[in-house]
Amino acid sequence: MNFSNQNLWFLFTLGDTEIYITETILATWIVMAVLILFAVFVRLRLRSFKRVPTGFQNIIETLIEMMQGFVKDNLDEDMERHGGFFFGLFVFILTSNYSGMFGLRPPTSDLATTGALAMMVFVMIHGMGIARQKGKYIKSYIEPAFLFLPINIIGELAKPLSLAFRLFGNILSGVIIATMIYNMLPIVFRFLLPDVAHVYFDILVGALQAYVFTVLSMTFVMQKSTDIFS
Amino acid sequence: MDPKAFVLGLSALSAGICTLSGLGSGYGQGLAAGQAAEAVGRQPEARGAIMSTMLIGCALAETCSIYGMIVALILLMANPFMVFFN
């Protein structure tokens, strides 16, 4: 029974470390290919869209309206143009979590992927904070008193860490439990019985964690870019 | 006794103890869900807002037990205490 990240193809050595194409990289490429192909397909169909939507156009417009409502609920007016970033995060995490159902190892069950996503959110939080708050951004570290400076800095560093670990832990636990169930059952029963675990760990937890990651990153960005003490 | 076996056994035992971190977050999530059910019963039209707030709160409460799980996984998979024998 093995549920760690497997090395697939050897690439080259860098100093003493050997660089491999791992399962995570392959799964990320497949997820990226699916998303990019879908985007290109929608872009090509965009020319034949009409004023009154029918069929395929309905689905796309529903998706875009969902995204705009989602962004409007959590961000303020100025930030609405950054909705695409958060929607991209949401779609990528959701597709990665669901890729576990197609026999891939979900890219989000690797700490490197979730860490990269959390670093992006970290840059977004502080970039938007500096751009919108300017002097008040530095002042927000010594609120309510100067004594709170180390606590505030630790709090800022803990945000991306907890975002990364939450997503990683939830998806990895699903992967481990699914692997254990598959190894426990004889081959004859492997077709129907593990579906229960997939419904819970991939469909329910996957969607919930994608939602939670996006909404929490929106909340963190808003928290740092608006003055909560005024 | 072989000291390696002793360290490995205690690592497995402590990984089991790490899962006790689920106690607190389970209690907290149950509390949040109960309060949310009460709130929906009192004001059924605010169901969507209550649900999304509860889900965010539950996910935040879950973080501590996820930390416990990660420590347990490190103890089981990476065997950090075996470096003293090389």
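**Figure 1. Ile60(A) in helix H2 of chain A.** In this predicted model, Ile60(A) lies in helix H2 of chain A, which spans residues 56-74. Helices (H or I, at least four residues) and strands (E, at least two) are DSSP runs, numbered from the N terminus. Ile60(A) counts as buried, at 10% relative accessibility. The classes are buried for under 20% relative accessible area, exposed for over 50%, and partly exposed in between, with a 1.4 Å probe and protein chains only. Leaving aside residues up to four places away in sequence, Ile60(A) touches Phe38(A), Val42(A) and Phe49(A), where contact means heavy atoms within 4.5 Å. His198(A) is 138 residues from Ile60(A) in sequence, and their C-alpha atoms are 27 Å apart in space.

Residues are numbered from 1 along each chain as its sequence is written, and chains are lettered from A and ligands numbered from 1 in the order in which they are written. Local features need pLDDT of at least 70, side-chain atom pairs count only at pLDDT 80 or more, and totals for chains, interfaces and linings use all residues, while side-chain values use heavy atoms, with hydrogens and water left out.

**Figure 2. Gly84(A) in helix H3 of chain A.** Gly84(A) is placed in helix H3 of chain A, residues 83-98. With a relative accessible area of 45%, Gly84(A) is partly exposed. Met67(A) is 17 residues away from Gly84(A) along the chain, and the C-alpha atoms of the two residues are separated by 8.2 Å.

Figure 3. Chain A contains 7 helices and 2 strands, in the sequence pattern β-β-α-α-α-α-α-α-α. Along the principal axes, the C-alpha atoms of chain A fill a box of roughly 65 × 55 × 40 Å. Of the 230 residues in chain A, 37% are buried. Among contacts in chain A with a separation of 6 or more, 67% are between residues 24 or more positions apart. The accessible surface of chain A is about 13600 Å², and carbon and sulfur atoms account for 71% of it; accessible areas come from the Shrake-Rupley method with a 1.4 Å probe, and for residues only the protein chains shown count as cover.

**Figure 4. Salt bridges of Glu156(A).** A salt bridge is a side-chain nitrogen of Lys or Arg within 4 Å of a carboxyl oxygen of Asp or Glu, and the whole structure has 3 of them over all chains. One joins the side chains of Lys159(A) and Glu156(A), with an N to O distance of 3.2 Å. These two residues are 3 residues apart in helix H6 of chain A (residues 149-184), so about one helical turn separates them. Both Lys159(A) and Glu156(A) are buried. Glu156(A) also forms a salt bridge with Lys224(A), the closest N and O atoms being 3.5 Å apart. Because Glu156(A) lies in helix H6 and Lys224(A) in helix H7 (residues 195-225) of chain A, the pair ties together parts that are 68 residues apart in sequence. Lys224(A) is buried, as is Glu156(A).

Figure 5. The side chains of Arg42(B) and Glu38(B) form a salt bridge at 3.6 Å, N to O. Arg42(B) and Glu38(B) are about one helical turn apart because 4 residues separate them in helix H2 of chain B, residues 22-42. Arg42(B) is exposed, with a relative accessible area of 66%, whereas Glu38(B), at 46% relative accessibility, counts as partly exposed. In chain A, by comparison, shared partners join the salt bridges of Glu156(A), Lys159(A) and Lys224(A) into one network.

**Figure 6. The interface of chain A and chain B.** In this interface, 16 residues of chain A are in contact with 13 residues of chain B. The size of an interface is often given as the accessible area lost when the parts come together. About 1200 Å² is buried between chain A and chain B, and carbon and sulfur atoms give 80% of this area; buried area is the accessible area (1.4 Å probe) that two parts lose on being put together, summed over both. Phe165(A), Arg166(A) and Tyr211(A) supply 34% of the area that chain A buries against chain B, more than any other three residues. The interface has 0 salt bridges. On the side of chain A that touches chain B, the elements giving two or more residues are H6 and H7 of chain A. H6(A) provides the largest share of that side, 9 residues.
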